[in-house]
Amino acid sequence: MNEAQAAFTDEELTAYLDGEADAALRDRVELALTSDAALAQRLQALDLPVAALRDAFSPEALGAPQMPETLIPAPRETRTPLRLVAGLALAFGLGVLSTYLLQPGPQPVKAPGWKAVVASYQSLYITDTVANAKQSPDAAAEVLAGFGSGHGVDLSPAQTVAGLEFKRAQLLGFKGKPLLQMAYLGPDGVPVAFCITRSSGDDKPMQSEVLAGMAAASWVSDGVGYLVIGGQDQGFVDAVAEDIRGKLG
């Protein structure tokens, strides 16, 4: 800070900016400004947008309820001290900054797992979808044998399940991995599916689930995931899953 700047306190400069300086102080500041660029920068730093700050702290901007007219004080010819406004601005700015920093960032969208994708696909099935499926026993056996040999499981026993009519076996895929679907027709024409795919997780006992609004039961064994899904009868689906799991060993 040079001698010209040092000649003025912050209070004097803010008084000048607020139009409250007497004639002598105003003349001294304006004379110094003609030769001191640093003083001009100091004034600019002190020159806060008072009107904008007042607007920011207005009841309308802050969402405060409208004050009844009977409680609104009569206007007075007063001027808010610039230092008070600056303090409010600093507090307001820090509040906004802390709120921004504390807000959680965008959460990564988790991709749906294979069971959710199967459920979404199964939800499109109606009775006719499965009832009209035609596949010869030999074709079904070939699909089951091809998938089973690559996953170390014999799926042929799953063609006979109490309460279900086996209709078709088809090979699908999920994220580059084979996924087998065995389609059945259940009581009252309800489509039921038994799906199998490779799983990298640990073995898990059978658990009941609701997927896409349908009753489901799933388990993991020896690196293979299994899912039975269809209809809304959770007890029936659990019984089917237990039957299939027992057949597969």
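Helices (H or I, at least four residues) and strands (E, at least two) are DSSP runs, numbered from the N terminus. The model is predicted, and local features need pLDDT of at least 70, side-chain atom pairs count only at pLDDT 80 or more, and totals for chains, interfaces and linings use all residues. Residues are numbered from 1 along each chain as its sequence is written, and side-chain values use heavy atoms, with hydrogens and water left out.

**View A. Lining of the largest pocket.** Helix H8 (114-122), S4, S5 and S6 each supply at least two lining residues. The lining comprises six nonpolar, seven polar and four charged residues; Ala, Val, Leu, Ile, Met, Phe, Trp, Tyr, Cys and Pro count as nonpolar, Asp, Glu, Lys and Arg as charged, and the others, Gly among them, as polar.

View B. Ser-199 occupies the loop between strand S3 (191-198) and strand S4 (204-211). With a relative accessible area of 17%, Ser-199 is buried (under 20% relative accessible area, 1.4 Å probe, protein chains only). Beyond its neighbours within four places in sequence, Ser-199 is in contact (heavy atoms within 4.5 Å) with Val-220, Gly-223, Val-224 and Gly-225.

**View C. Lining of the second largest pocket.** Strand S5 contributes the largest share of this lining, three residues. By class, the second largest pocket is lined by seven nonpolar, four polar and three charged residues.

Key:
Buried means under 20% relative accessible area, exposed over 50%, partly exposed in between (1.4 Å probe, protein chains only).
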